[in-house]
Amino acid sequence: MTSLPRDGRRARGDVTRRRTARKAAEIATTHGLDAITVGGLAEATGLSKSGILTVFGNREQIQVAAVAEARRIYRETVIAPAWDAEPGRPRLRALVDSWIDYLLQEVFPGGCFVAATSVEYGHRVGPVAESVRALKREWLDLLEAELVAAGSAHPTDDAFRIDAFLVAGNTRRELFGDDDELWRAKALVLDVIGSSSEAAAP
C-alpha cells in the first residue's frame, strides 16, 4: 500500500527532472548556462520553484542536468541515426548529415548546444565546466576514431578541421539566419573526409 505514493512521487519527480533539464538546455543555447534560474525555469515550464528545487537542490545541479539532457538528445538525434553506417568515411558522412538535420530541425532554439556552451565555459572549472568539457571531448573522440577507421594519417588534425567547420557553420547560421552557411560547412567537411583518406592511401 505504501509503495504506490512513493512510485507516484518518483514518477512526478522524473517528469519534473526531464522537463526542467530540457528547458534549461534550450535556454543555454540562446542565453547561456549562466542565464538559467529556478524562477525562470518555473515560469517557462509551469512547474513550481519548490518542485524544481526538491528534485535538483540548487542551480548548479540544474546546469549539470541540462548538459546531460543535451548529451542524451545529441546521441539520439546526431549519433544514433549514423550508427548503422559502415565505420570510417560512410559513418563520418552520415554523422555530418544527421548533424545538419539536427540544426535544420531546430532541436534547440539557439542551434548546436555543444557549440553554444563550449565557448561559455572554456576557461572555467567545476562540475558544470567539466560536464561541458566532457561532452565536447566525447564528440571529438568520436570524430577521431572514425577518422582512424577511414585511414586518416592525421586524425586529430582532421577532427579539428571538421569540428571547426561545423562550429563555424552553426555560428554563422545563428548570426545571419542563413541555412546556406550549413551547406558551406558540409561541403568543407566532406572535403576533409575525402582528402584525409586519400592522403593515407598507398
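User: Which residues does Asp163 touch, leaving aside those up to four places away in sequence?
Analyst: Asp163 touches Lys136, Trp139, Leu140 and Leu143, where a contact means heavy atoms within 4.5 Å. This is a predicted model, in which local features need pLDDT of at least 70, side-chain atom pairs count only at pLDDT 80 or more, and totals for chains, interfaces and linings use all residues. Residues are numbered from 1 along each chain as its sequence is written, and side-chain values use heavy atoms, with hydrogens and water left out.

User: Where is Asp163 found, and is Asp163 buried or exposed?
Analyst: Asp163 is found in helix α8, residues 155-176. Helices (H or I, at least four residues) and strands (E, at least two) are DSSP runs, numbered from the N terminus. Asp163 has a relative accessible area of 11% and is therefore buried; buried means under 20%, exposed over 50%, and partly exposed in between, with a 1.4 Å probe and protein chains only.

User: What separates the C-alpha atoms of Asp163 and Val189?
Analyst: The separation is 8.4 Å, for two residues 26 apart along the chain.

User: Turning to the rings, how many aromatic pairs does a search of the whole structure find?
Analyst: The search finds 4 aromatic pairs. Rings of Phe, Tyr and Trp (its six-membered ring) pair if their centres lie within 6.5 Å; planes under 30 degrees apart count as stacked, over 60 as edge-to-face and the rest as tilted. One of the pairs is Tyr74 with Trp139, edge-to-face at 5.3 Å centre to centre and 90° between the planes.

User: Which parts does that pair tie together?
Analyst: Tyr74 lies in helix α4 (residues 59-79) and Trp139 in helix α7 (residues 127-150), so the pair ties together parts that are 65 residues apart in sequence. Both Tyr74 and Trp139 are buried.

User: Why is the pair of Phe108 and Phe113 tilted?
Analyst: The ring centres of Phe108 and Phe113 are 5.8 Å apart and their planes stand at 40°, so the pair is tilted. Both of these phenylalanines are buried. Ring pairs link Phe108 and Phe113 into a cluster with Tyr74, Tyr102 and Trp139.

User: Which rings have a charge over them, for instance from Arg17 or Arg124?
Analyst: Arg17 places its charged end over the ring of Phe56, 4.8 Å from the centre. Arg124 lies over the face of Tyr121, 4.3 Å from the ring centre. The criterion is NZ of Lys or CZ of Arg within 6 Å of the ring centre and within 35 degrees of the ring normal.

User: What does Ala129 touch, and where is its place?
Analyst: Ala129 is in helix α7. Not counting residues up to four places away in sequence, Ala129 touches Tyr121 and Arg124. Its relative accessible area is 1%, so Ala129 is buried.

User: What about phi of Glu106?
Analyst: Phi of Glu106 is near 50°, a positive value in a residue other than glycine. Most residues other than glycine have a negative phi. Glu106 is in the loop between α5 (89-104) and α6 (113-120), and is exposed, with a relative accessible area of 54%.

User: Finally, the whole protein: how many helices and strands, and what box?
Analyst: The protein has 9 helices and 0 strands. Its C-alpha atoms fill a box of roughly 70 × 40 × 30 Å along the principal axes. Buried residues make up 43% of the 202 residues. Among contacts between residues at least 6 apart in sequence, 65% join residues at least 24 apart.
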